[in-house]
Each structure stands twice: as structure tokens, then as C-alpha cells.
Amino acid sequence: MVKYFSCTGFLKSSWDQVFLAFWQRYPNPYSNHVLTEDIIFREVTPDNCLMSRRLLTKTSRAPRWAERFLPAHMAQKAYILEDSVVDPQGRTMTTLTWNISHARVMSVEERCVYKVNPENSSWTEIEREAWISSRLYGLSKAVQEFGLARFKSNVTKTMKGFEFILAKMQGETPTRTLAETATVKARETALAAKVKAKDLASQAQKKQYV
């Protein structure tokens, strides 16, 4: 049995901009799990399409109950292959990614099509499909559910990463990252607590002299 997921997303940037951002999106604040990226081969086909294959190394923390099924040196990393075909005339880019490490435990295949949004030519539409499977006897359903939840979370991070890189390319100040926002909020909370503590201490001191 395979878990299937599909969704359509939009980026408020032209296809040409998204195409350029695709090759520049690592690193970004939302992709700290991507450790390395290497081009294995790249060629231009007779019909002027650009074909590429890349090898990505990512952190891939498995749930604790699944770590015992993985070799110690593989439990923290995953190796991903990414094939892409760019058609500059048709203005489409199709990518296919799949993991080549510990695929018996969980296999994730993803297909994305980047194309011009038919309703707004200045936007880019992303059609995304994913297939998640497991051959881990007795635990395949649990692994698939875990994989689906993680995949959905990563889709959100991927889109935010794209938006971050696109903003930088366009000379804009990127929106605060989640980590930066959390840090600022923590500082504001700590400052407010400090001020309140000083007020309470001051009030208590005044009462002593009444």
C-alpha cells in the first residue's frame, strides 16, 4: 500500500524568476536540513531542454522507534536523487526526487511541475505529487503516516525557502525567519517580565516605608 499526496501551490513571481531561484535556493533559513548538493550530470537535449541530475545530502532524523532498524551511520542522514527537465520554450520545469538511502524503511518519491499560472502570467504554479511507501513488515502503516506528516511539513518549508530566495533576488528584505521571530518574541517577553518584576519590587519597597 502506498500513501499518495497531491497539492497545488503558487509563488507570486514569474516563471523565469522561479527557475533561477530553484538553482539558488540552498542554503536558506528554511533548509537547514540540506547539507550538500552535487551535480552528477547536466546536458542540453536536441530540443533545447536542460536535463540535470543532482545528489542531495539531508539530515533525516527518524522517529526513535525506527532508529533501531537503521545502521548507526545512516540514521541521521539521507541521500536524495533529483532529476529535472527544464523546457525554456514551453516554460515548464519538471522535477522528480527520490531517496536512495534506507528506502526499505521508507521510500518517498516526489514529482513537481513548475509552470506559468494560466490565470496570472506573472505568477508560477507548482503541481506537486508524492508517493510514500514502506517495506518494513508490521510497521509500514505507521512509517507511511509519519512520512506523510513530515512531507507536508517540508512542503511548507520549501515554499517559504523559495519566497526567501526570491525576495533576496529581487532586492527586497526577506521576511523574518521563524527562528528570528521566535528569538525576538522571547526577548520581548523577557524584557516585559523584567520590567514587571522591577515594578513589583518597587511597589513592595514603597509599602515597607508606608
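This is a predicted model: local features need pLDDT of at least 70, side-chain atom pairs count only at pLDDT 80 or more; totals for chains, interfaces and linings use all residues.
## Overall architecture

The protein is built from four helices and seven strands, and along the sequence these elements follow the pattern β-α-β-β-α-β-β-β-β-α-α. Of its 210 residues, 34% count as buried. When contacts between residues at least 6 apart in sequence are considered, 56% of them join residues at least 24 apart.

## The sheet and the helix packed on it

The seven strands form an open sheet whose order is β1-β7-β6-β5-β4-β3-β2, with antiparallel pairing. Its edges are formed by β1, residues 3-11, and by β2, each of which pairs on one side only. From one strand to the next, the twist averages 15°. Helix α3, which spans residues 140-169, packs on this sheet and touches β1, β6 and β7, and the direction of the helix makes about 15° with that of β1.

Strand β7 can be followed through its pairing with two partners. With β6, residues 107-116, the antiparallel strand β7, residues 124-133, is joined by ten bridges; within this pair, V108 stands opposite I132, and V116 stands opposite T124. With β1, strand β7 pairs in the antiparallel sense over nine bridges, and here T8 has E127 of β7 as its bridge partner.

W131 is found in strand β7, and it is classed as partly exposed because its relative accessibility is 29%, which lies between the 20% limit for buried and the 50% limit for exposed residues. Leaving aside neighbours within four places in sequence, W131 is in contact with V2, K3 and Y4, and also with S107, V108, E109 and R111. The C-alpha atoms of W131 and S6 are separated by 9.0 Å, although these residues are 125 apart along the chain.

I40 has its place in strand β2, and with a relative accessible area of 48% this residue is also partly exposed. Apart from neighbours within four places in sequence, I40 is in contact with R53, R54, L55 and L81.

## The loop between α1 and β2

The loop that leads from α1, residues 15-22, to β2, residues 34-44, contains N28, and P27 lies in this loop as well. The peptide bond from Y26 to P27 is cis, with omega near -5°.

N28 counts as buried because its relative accessibility is 8%, which is under the 20% limit. Not counting residues up to four places away in sequence, N28 touches G161, F164 and I165.

## The largest pocket

The largest pocket holds about 890 Å³ of space. Its lining consists of 39 residues, and those that lie nearest the centre of the pocket are H33, K58, I80, F151 and N154.

Several elements take part in this lining: β3 (50-59), β4 (77-87), β5 (92-99), β6 and α3 each supply at least two residues. The largest share comes from α3, which provides nine residues of the lining.

## Two loop residues with positive phi

For R91 the phi value is about 55°, and the residue has its place in the loop between β4 and β5. R91 is likewise partly exposed, with a relative accessible area of 29%.

Notes: Residues are numbered from 1 along each chain as its sequence is written. Side-chain values use heavy atoms; hydrogens and water are left out. Buried means under 20% relative accessible area, exposed over 50%, partly exposed in between (1.4 Å probe, protein chains only). Contact means heavy atoms within 4.5 Å. Two strands pair if DSSP finds at least two bridges between them. Axes are lines fitted to C-alpha atoms, for helices over the stretch in contact, and angles run from 0 to 180 degrees between N-to-C directions. On a 1 Å grid over the protein atoms alone, a cavity is a set of points where a 1.4 Å probe fits but cannot get out, and a pocket is an open set with protein on both sides within 12 Å along at least five of seven lines; lining residues have an atom within 4 Å of a point. Grid points are joined across faces, edges and corners, and a volume is the space filled by probe spheres set on the points.
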